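Please look over the structure below. A short briefing follows, grouped by topic.

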Amino acid sequence: MRENSMVEERLPLPFPIPPGVFAETVTEVKHYTSRLFQFRMTRPRSFRFRSGEFVMIGLPNAEKPIYRAYSISSPAWDDELEFFSIKVPGGPLTEHLQKIVPGDTILMRKKPTGTLILDALLAGSRLFMLSTGTGIAPFASLMRDPETYEKFREVVVTHTCRERAELAYGYETVAKTLDDPLVGDEAREKLIHFPTTTREPSQTVGRITDKIDDLSLFRSIGGSPFNPEHDRVMICGSMAMLQELKSKLEGMGFTEGSNSSPGQFVIERAFVD
Ligand code: A2P
């Protein structure tokens with residue numbers, strides 16, 4: 001009821017909604033640091049996606065709105081859609097997007113896409129989701145999807161940021177996952193969270209690439225080093241991190257997968273940077 005009255009009271013949009021686009025209402029905004037925030041919005045009834053996919057997001061503030069790719073960080077079963085965003089100083093979209101408040105309108109193109117989906121991976125037993133910064137967003141979706149736990153006996157989510165405060169969204173999402181009535185039991189058994197910082201002291205300091213090289217990642221989680229036979233890897237973060245991890249994995253005999261041809265690892269850039 002409240003949501004309807006909120007929509008009715010909303011001022012008319014300054015520009016018509018472009019074709020092929022949903023206009024949704026912001027329900028929640030949370031700022032973590034001066035560089036990071038999360039927002040949630042209503043989900044169109046007809047909108048379907050696979051956990052891990054991304055959509056194009058824009059604002060109704062111009063005749064031809066600017067769109068940027070955003071991984072959906074909520075799972076496919078959620079009634080709302082959640083996103084985790086960076087604030088780029090002077091960024092054509094995020095400069096405005098960071099000012100949204102509940103009740104505002106967000107535009108979303110209708111078609112989701114992306115390679116960080118379970119269908120792009122061959123069957124395996126351990127799933128590693130390696131992220132830096134906002135690259136944790138698609139994994140926040142996947143770690144809350146029951147299918148992830150149906151397909152893998154162990155799920156390791158690594159998150160590397162410069163500073164401790166930037167890890168907060170990951171900690172919160174993991175805590176929610178462990179408490180969730182749908183996936184909590186399985187997550188408590190199978191989910192391992194491995195957060196690290198690189199420019200401030202924390203429980204674990206260092207880049208994930210170094211933790212793979214010196215094997216400390218595997219020592220910490222109590223497991224064996226990467227093996228393409230039974231390990232599957234999803235990677236999302238900065239371009240440099242993707243390239244380094246891709247060549248590392250290929251050097252170990254992993255092959256890259258896609259929607260049409262599943263493989264042993266998949267990668268995607270954390271887009272707005
Ligand atoms: P570092 O602080 O050593 O550069 P950013 O905020 O620039 O997107 O970086 C997010 C995190 O990703 C930082 O902790 C950063 O570490 C790390 N990072 C940057 N480049 C790489 C890389 N090539 N391999 C692994 N981690 C990286």
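Of the 13 residues around the ligand, which come nearest? They are Arg-162, Thr-198, Arg-199, Arg-207 and Glu-244; a residue counts as near a molecule or strand if one of its heavy atoms lies within 4 Å of it.

This is a predicted model: local features need pLDDT of at least 70, side-chain atom pairs count only at pLDDT 80 or more, and totals for chains, interfaces and linings use all residues. Residues are numbered from 1 along each chain as its sequence is written, and side-chain values use heavy atoms, with hydrogens and water left out.

**Ligand contacts**

- A polar contact is a pair of N or O atoms within 3.5 Å; within protein, one must be able to donate a hydrogen and the other to accept it, and residues adjacent in sequence count only if both atoms are side-chain atoms.
- The side chain of Arg-199 has an N or O atom 2.6 Å from a ligand oxygen.
- For the side chain of Arg-162, the distance from an N or O atom to a ligand oxygen is 2.8 Å.
- A polar backbone atom of Met-241 is 3.4 Å from a ligand nitrogen.
- On its own the ligand has 560 Å² of accessible area (Shrake-Rupley method, 1.4 Å probe), and the protein covers 82% of that.

**Aromatic pairs**

- There are 13 aromatic pairs in the structure; rings of Phe, Tyr and Trp (its six-membered ring) pair if their centres lie within 6.5 Å, with planes under 30 degrees apart stacked, over 60 edge-to-face and the rest tilted.
- Phe-22 and Phe-47 pair edge-to-face, at 6.1 Å centre to centre and 80° between the planes.
- That pair links distant parts of the chain, 25 residues apart: Phe-22 is in strand S1 (residues 21-31), Phe-47 in the loop between S2 (36-42) and S3 (54-58).
- Strands are DSSP runs (E, at least two residues), numbered from the N terminus.
- Both Phe-22 and Phe-47 are buried, meaning under 20% relative accessible area (1.4 Å probe, protein chains only).
- The ring centres of Tyr-70 and Phe-83 are 6.2 Å apart with planes at 85°, so this pair is edge-to-face.
- Tyr-70 and Phe-83 are both buried.
- Phe-37, Phe-39, Tyr-70 and Phe-83 are linked by ring pairs into a cluster.

**Charges over rings**

- The charged end of Arg-109 sits over the ring of Tyr-67, 4.0 Å from its centre; the test is NZ of Lys or CZ of Arg within 6 Å of the ring centre and within 35 degrees of the ring normal.
- Lys-110 lies over the face of Phe-22, 4.9 Å from the ring centre.

**Strand S9**

- Six of the seven residues of S9 (residues 191-197) are buried, so the strand is largely enclosed by the rest of the structure.
- S8 (residues 154-161) and S9 run parallel, joined by seven bridges; strands pair if DSSP finds at least two bridges between them.
- Thr-160 has Thr-196 in S9 as its bridge partner.

Note on methods. Buried means under 20% relative accessible area, exposed over 50%, partly exposed in between (1.4 Å probe, protein chains only). Helices (H or I, at least four residues) and strands (E, at least two) are DSSP runs, numbered from the N terminus.
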